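Thanks for coming. I will go through a few local features of one structure, so please keep the sequence and the model in view.

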Amino acid sequence: MIGLLAFDPALTAPGAADAPFRPALPLAELPAGTMRRVTFGDVDVLLAHTARGICAVDDRCPHMSAPLSIGSLDGCVVACPLHSGRFDLESGDVVQMPTTGGLRPDGAYEPVWSPPGREPREDPPGIKSEARRLTRIRRFRYYPVRVAGGVIEVAVPA
Ligand code: FES
């Protein structure tokens, strides 16, 4: 029996609760510890076979939308290839802030990354710094998943 990752129903992707299940990938092509992108129309979905089961979220980093599918997965934690942010797919928590700093999901500000033991770097003034400071990490949006006949199916709005 393949486990599915439980998620907070309040974080279901818009329209996904009533969407039909669609075939996404043969289960055999998503071994434990791996991730894959599957695309439905213009929606890119990340399928992740975490230590707690399979889940489907947007294949967009909750920070600045980089494809998580080319990052790495360690247990339930996915690491983004762009700014080294790490996010827990089970809880949705930020495990490691992106190196750019910015806002956590609750709005708390984190400075730009600096090596351990050093003072946080001064962010130079300018519109790009302001954009980094004001970028808030969003919460994952989950798509319902099931396995039927050896195929992973995902509920994605048409
Ligand atoms: S886009 Fe993923 S950490 Fe910035």
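**Histidine 49 and onward**

H49 is buried, at a relative accessible area of 12%; buried means under 20%, exposed over 50%, and partly exposed in between, with a 1.4 Å probe and protein chains only. A word on the source: this is a predicted model, where local features need pLDDT of at least 70, side-chain atom pairs count only at pLDDT 80 or more, and totals for chains, interfaces and linings use all residues. Residues are numbered from 1 along each chain as its sequence is written, and side-chain values use heavy atoms, with hydrogens and water left out.

Back to H49, which sits in strand β3, residues 43-50. Strands here are DSSP runs of E, at least two residues, numbered from the N terminus. What does the side chain of H49 reach at 2.7 Å? The backbone oxygen of L30. Setting aside neighbours within four places in sequence, H49 is in contact with residues including I2, L30, P31, I54 and L73; contact means heavy atoms within 4.5 Å.

L73 is also on the list for L89, which touches L5, A48, C55, L73 and F140, among others, again not counting residues up to four places away. L89 lies in the loop between β7 (86-88) and β8 (94-96). At 0% relative accessibility, L89 is buried. From L89 to L73 the C-alpha distance is 9.6 Å, and they are 16 residues apart in sequence.

Now the charged pairs. Side chains of opposite charge can pair when their charged atoms come close. The structure holds six salt bridges, a salt bridge being a side-chain nitrogen of Lys or Arg within 4 Å of a carboxyl oxygen of Asp or Glu.

One of them joins R52 and E90, at 2.9 Å from N to O. R52 is in the loop between β3 and β4 (53-58) and E90 in the loop between β7 and β8, so this pair ties together parts 38 residues apart in sequence. R52 is exposed, at 52%, while E90 is partly exposed, at 32%.

Another pairs R146 with E153, their closest N and O atoms being 2.6 Å apart. Here R146 is partly exposed, at 39%, but E153 is buried, at 13%.

R37 and D44 also meet in a salt bridge, 3.5 Å from N to O. R37 is partly exposed, with 38% relative accessible area, as is D44, with 24%. Together with D59, R37 and D44 are linked in a network of salt bridges.

Notes: Helices (H or I, at least four residues) and strands (E, at least two) are DSSP runs, numbered from the N terminus. A polar contact is a pair of N or O atoms within 3.5 Å; within protein, one must be able to donate a hydrogen and the other to accept it, and residues adjacent in sequence count only if both atoms are side-chain atoms.
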